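Okay, thanks for coming, everyone. Have a look at the structure first, and then I'll talk you through what's inside.

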Amino acid sequence: MTQSHNHERTMEILAIRLRKLRQKARLTQRELAERAGVQQAQLSRAERTGRSLSTKAMQAIACELGTTLSYLYGEEDGEAAGSSSQAEYVPPTGPDTPRGLREIAASPALCEELDIQPVEWQRLLALELPSDVRQEDCLELLLVLRRVYRRSGRSSPGTEKKAPTFVGDEPGD
């Protein structure tokens with residue numbers, strides 16, 4: 001295949017996967033664009049033609065859709081990252097990761113019990129948390145994020161199944 005043909009194929013895959021994942025997440029183009037901080041017209045063009053946005057914009061879109069840039073660009077086959085099992089996702093544990101998130105990530109049993117999805121990790125990491133934040137506070141933030149998405153009528157991508165319930169997690173809390 002020629003380089004031009006590869007580029008055209010990549011653009012076609014990007015357009016298809018972007019539209020498919022947005023629809024699967026039950027988001028309109030306007031909603032996704034607002035969440036990712038891009039213009040709706042740019043997102044529309046990307047879905048029609050595969051014309052990519054800036055890397056930063058594409059990363060924000062991938063995060064909102066619970067997937068990776070590699071999947072969107074066709075470098076990975078199969079399902080989107082957001083639909084993979086927790087065991088396939090490696091939570092962040094680097095030195096720049098706040099302490100409480102590192103502690104959660106260090107406990108695979110806790111991650112599995114909570115069924116923390118990649119998009120939820122990304123949202124937690126996007127918050128400017130102090131480096132010494134406690135594990136308990138990070139868990140509380142996770143629950144708040146889940147409630148926000150549940151109350152807005154949308155679940156986070158990949159969290160359509162029933163989320164674990166906790167004491168005090170009754171409707172109306």
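**Cores and cavities**

So, let's begin with a lining: for the second largest cavity, the residues split into eight nonpolar, no polar and no charged. Keep in mind that this is a predicted model.

Which residues are those? The structure has two cavities of 30 Å³ or more.

Okay, on to the packing. In soluble globular proteins, nonpolar side chains tend to end up buried together. Here, the largest nonpolar core has 19 residues, and Leu-18, Ile-61, Leu-65 and Leu-72 have the most contacts inside it. Where does this core come from? Two or more residues each come from helix H1 (3-24), helix H2 (29-36), helix H3 (40-49), helix H4 (55-65) and helix H5 (69-72). H4 puts in the largest share, five residues.

Let's zoom in on Ile-61. If you leave aside neighbours within four places in sequence, Ile-61 touches Leu-18, Leu-32, Ala-36, Val-38, Leu-43 and Leu-53, all counted as contacts.

And then there's a second, separate core, with 12 residues, including Leu-101, Leu-114, Leu-129 and Leu-142.

Conventions
Residues are numbered from 1 along each chain as its sequence is written. This is a predicted model: local features need pLDDT of at least 70, side-chain atom pairs count only at pLDDT 80 or more; totals for chains, interfaces and linings use all residues. Side-chain values use heavy atoms; hydrogens and water are left out. A nonpolar core is a set of buried Ala, Val, Leu, Ile, Met, Phe, Trp, Tyr and Cys residues joined through side-chain atoms within 4.5 Å. Buried means under 20% relative accessible area, exposed over 50%, partly exposed in between (1.4 Å probe, protein chains only). Helices (H or I, at least four residues) and strands (E, at least two) are DSSP runs, numbered from the N terminus. Contact means heavy atoms within 4.5 Å. On a 1 Å grid over the protein atoms alone, a cavity is a set of points where a 1.4 Å probe fits but cannot get out, and a pocket is an open set with protein on both sides within 12 Å along at least five of seven lines; lining residues have an atom within 4 Å of a point. Grid points are joined across faces, edges and corners, and a volume is the space filled by probe spheres set on the points. Ala, Val, Leu, Ile, Met, Phe, Trp, Tyr, Cys and Pro count as nonpolar, Asp, Glu, Lys and Arg as charged, and the others, Gly among them, as polar.
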